[in-house]
Amino acid sequence: MSMSSISHIKFVELLKSSINYSDHGLVSFFDETNMELLVPTKDKLHIYSFDKQTSSIHIKFKSTPINVKFSPDRKFVAVQYDASSVSFINVDSGTESNLPCKKNSKVLDYYWASFVTMFFVTSQGYEFYQSTTNGFKFVKEHRLAVSWFQYSTVNKFLVLAGTTNQLSYFSFRANSLQKAPKTLDIDTGEKRPITSNEIFIASLYQELYCVYVNYRKQELAFYKVTEQITKVSLTIHLPTPSPVRFHVIDNLLIMHVLDSIVISFVYDIRGHPSNIISTEEIEYLLAPPLPLQNDLRPEDIKFFQPNLIISQAKGTMSRVGVNLEALGENFGNSPLVAVEFLLRRVYGKAFLQKLLRALILEREKLVVLSAVFDKLNVILATMEVRTSENQQDSPPSSGTPIRNSLRRARNLTGSGMIQSFLRTSGDSPLNEAASSPQTLTHSHSAGSVAGWIDENSITDLAGTVAAGGLLGDDLNLPRKNAKGLLVVEQSDLYSYVFSSVEEDPNVGYKYLAAVLMEYIRSLHSLQIPVSHYVNSVMIRHLVRYGRYYQLHQFLQYHVVNDSLPVACQLLSLETTYPPAYQLALDMLKRLSSPSQIVEVLLVRTQVLAALRVVRTYKDEKLIKTSRLLEAAWATEDRMLFFTVYKYFEQRKEIVGEDCEPYKTHFHECFSLK
């Protein structure tokens with residue numbers, strides 16, 4: 001991407017779907033636990049959320065509240081009127097109870113830890129309470145003279161600052177706050193105490209960090225938080241002495257510089273130090289800093305996690321979005337780096353597929369594509385996807401799939417019947433015989449529009465309401481490996497890359513064949529069975545250009561894996577390439593699929609050959625007796641029908657209602673008068 005085009009692209013921007021609450025006043029409170037904006041009026045509480053419709057409940061406030069929050073089960077509204085206590089209003093009954101803090105303490109803030117636990121952060125530490133039928137029961141406390149604090153509802157992580165630069169931190173375990181054995185010692189290089197605006201709690205790539213903004217040294221120091229030790233694991237140059245605020249979206253650190261306007265920087269701590277955007281190397285910076293929004297004034301806004309900005313002056317709540325597609329393209333001539341970047345993103349798969357299509361259409365060097373395929377397949381090899389794809393490729397135990405397809409063609413004869421064999425759509429035998437993954441839906445590619453993602457989209461994808469957190473497992477989540485990298489399966493490349501470029505005339509026969517061979521080579525080198533989806537593209541491509549000799553070689557030397565769908569596809573090619581029929585039969589034999597072979601022979605009216613296969617596997621029930629009798633009778637060769645009937649009669653297998661018509665036919669034709 002050229003520098004001239006970069007200037008016209010927004011990498012970080014306020015999304016258009018903002019919420020305006022100014023009709024009910026400009027006094028508002030953000031409920032971090034429930035991700036809602038609460039606006040109190042005289043006798044109502046108005047509730048705004050990006051996940052739900054705007055609503056309100058009747059609550060009569062005794063006076064102007066200092067803070068308002070819902071309980072996680074939404075049965076109570078916790079209201080703070082002064083620094084000494086918090087009142088709890090039952091939403092259904094309207095009854096109110098009061099919970100005071102400890103003597104000589106002041107309530108700085110309060111949070112729900114779970115449905116039944118909550119805690120106060122006070123001027124003397126924290127106080128932990130548990131809900132009971134009679135109110136709240138005091139559980140424990142930690143005493144510390146608190147000058148300021150930070151709490152991350154996403155990570156359930158509390159930092160308390162005393163009078164020194166030693167920070168005490170706590171995490172939740174078993175519904176209780178547990179203090180870390182050591183304090184967090186921040187090296188400021190000067191004697192003044194740290195302020196709350198110099199510390200930011202961030203969860204990046206499943207690791208927790210306390211980010212210290214060192215304005216004197218102009219750097220961001222990332223303190224990695226562990227149970228036993230907390231130390232600086234990374235430092236990033238801070239390009240400005242102006243105040244900064246942060247968001248975390250899809251493991252990207254968004255730094256907003258509060259100057260005359262808000263300037264946004266995008267960092268990836270797992271990325272490569274980049275020098276593609278500036279003459280000076282700016283570590284981990286992915287894109288040039290640009291204004292977030294020209295009319296956004298820093299003095300009018302507040303930042304909330306994971307990606308929210310609230311303007312008290314305008315009465316609006318907005319979400320910050322990141323343009324993944326533009327960031328991926330910003331790597332310019334480094335497609336491998338772009339692939340690595342997208343593999344680390346929750347929504348990266350759709351943009352990764354688009355990037356791969358572009359690389360093929362632009363006829364990227366094979367050595368580059370080979371490296372990309374190896375990177376994708378190394379991740380795939382670590383997952384348990386081989387088993388599921390193997391099951392898709394393995395032949396079923398009965399002849400049902402082939403038989404059902406043949407029934408649609410039974411009234412046809414000769415080549416017309418073979419051409420219709422297992423064809424799922426269209427009139428060309430090049431169409432894949434088996435079910436393709438084109439019908440697969442990918443929820444991860446549906447959540448973003450024109451490349452934009454935001455942390456709320458990621459949360460929706462995870463099926464959770466916790467802000468910015470991917471909590472628990474959900475079927476809609478894209479598959480990731482243990483390191484958090486996206487798993488790009490063979491069906492993904494088939495559906496969204498290979499199938500979309502194979503008919504493009506600008507790609508060229510030889511180039512696309514080489515690309516497919518590189519992908520198959522990569523799979524083989526990592527001992528990943530090649531899916532029939534990928535094989536079908538290779539076969540269609542070779543047939544389209546009449547490269548039957550090459551196809552024959554690929555099958556003979558098992559470059560194309562044996563599978564039932566591939567065998568069906570070969571059968572559909574018999575009219576254009578007659579040897580494909582024998583290749584299909586050989587493949588079915590290698591797959592130990594005699595029932596499928598019988599069906600193929602019957603559809604060609606080779607009843608006697610089918611009977612020989614049945615006799616060879618006489619201990620197995622390959623096919624219904626009536627099916628073979630039906631095929632023999634349909635030939636109008638009465639001696640053939642006599643042979644088939646007598647074979648099954650000797651084995652006492654002519655039983656059941658479906659055989660009754662053929663008993664009648666036999667006696668009519670061969671009984672002595």
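**Figure 1. A salt bridge between Glu 340 and Lys 375 in the predicted model.** In this predicted model, the side chains of Glu 340 and Lys 375 meet in a salt bridge, with 3.1 Å from N to O; the term stands for a side-chain nitrogen of Lys or Arg within 4 Å of a carboxyl oxygen of Asp or Glu. The pair links distant parts of the chain, since Glu 340 belongs to helix H3 (residues 335–343) and Lys 375 to helix H5 (residues 366–381), 35 residues apart. Helices (H or I, at least four residues) and strands (E, at least two) are DSSP runs, numbered from the N terminus. Glu 340 is buried, with a relative accessible area of 17%, whereas Lys 375 is partly exposed, at 26%. Here buried means under 20% relative accessible area, exposed over 50% and partly exposed in between, with a 1.4 Å probe and protein chains only. Because the model is predicted, local features need pLDDT of at least 70 and side-chain atom pairs count only at pLDDT 80 or more, while totals for chains, interfaces and linings use all residues. Residues are numbered from 1 along each chain as its sequence is written, and side-chain values use heavy atoms, with hydrogens and water left out.

Figure 2. The side chains of Arg 479 and Glu 489 meet in a salt bridge, with 3.8 Å from N to O. Both residues lie in the loop between helix H9 (455–462) and helix H10 (490–501), so the pair ties together parts that are ten residues apart in sequence. Arg 479 is partly exposed, with a relative accessible area of 32%, whereas Glu 489 counts as buried at 15% relative accessibility. Elsewhere, salt bridges that share partners join Glu 502, Glu 503, Arg 540 and Arg 544 into one network. A search of the whole structure finds 24 salt bridges.

Figure 3. Four strands form an open sheet in the order S20-S21-S22-S23, with antiparallel pairing, where two strands pair if DSSP finds at least two bridges between them. Strand S20 (199–204) and strand S23 (230–237) stand at the edges, each with a single partner strand, so one side of each is left without a neighbour in the sheet. From one strand to the next, the twist averages 30°. S21 and S22 pair in the antiparallel sense over six bridges, and Tyr 209 stands opposite Lys 224 in S22. The side chain of Lys 224 also meets that of Glu 207 in a salt bridge, with 3.0 Å from N to O. This pair links distant parts of the chain, with Lys 224 in strand S22 (residues 219–225) and Glu 207 in strand S21 (residues 207–214), 17 residues apart. Lys 224 counts as partly exposed at 29% relative accessibility, and Glu 207 is partly exposed with a relative accessible area of 23%.

Figure 4. Strand S11 (residues 107–112) pairs with S12 in the antiparallel sense over five bridges, and the two form a hairpin with four residues between them. Within this pairing, the bridge partner of Val 107 is Thr 122 in S12. S12 also pairs with strand S13 (residues 125–132) in the antiparallel sense, over six bridges, and forms with S13 a hairpin that has two residues between the strands. The bridge partner of Val 121 in S13 is Tyr 126.

**Figure 5. The contact between helices H12 and H13.** The axes of helix H12 (residues 532–544) and helix H13 (residues 548–556) come within 8 Å and cross at roughly 150°. That makes H12 roughly antiparallel to H13, because angles over 145 degrees count as roughly antiparallel, under 35 as roughly parallel, 65 to 115 as roughly perpendicular and the rest as oblique. Axes are lines fitted to C-alpha atoms, for helices over the stretch in contact, and angles run from 0 to 180 degrees between N-to-C directions. The contact (heavy atoms within 4.5 Å) is made by Met 538, Ile 539, Leu 542 and Val 543 of H12 and by Tyr 548, Gln 550, Leu 551 and Phe 554 of H13.
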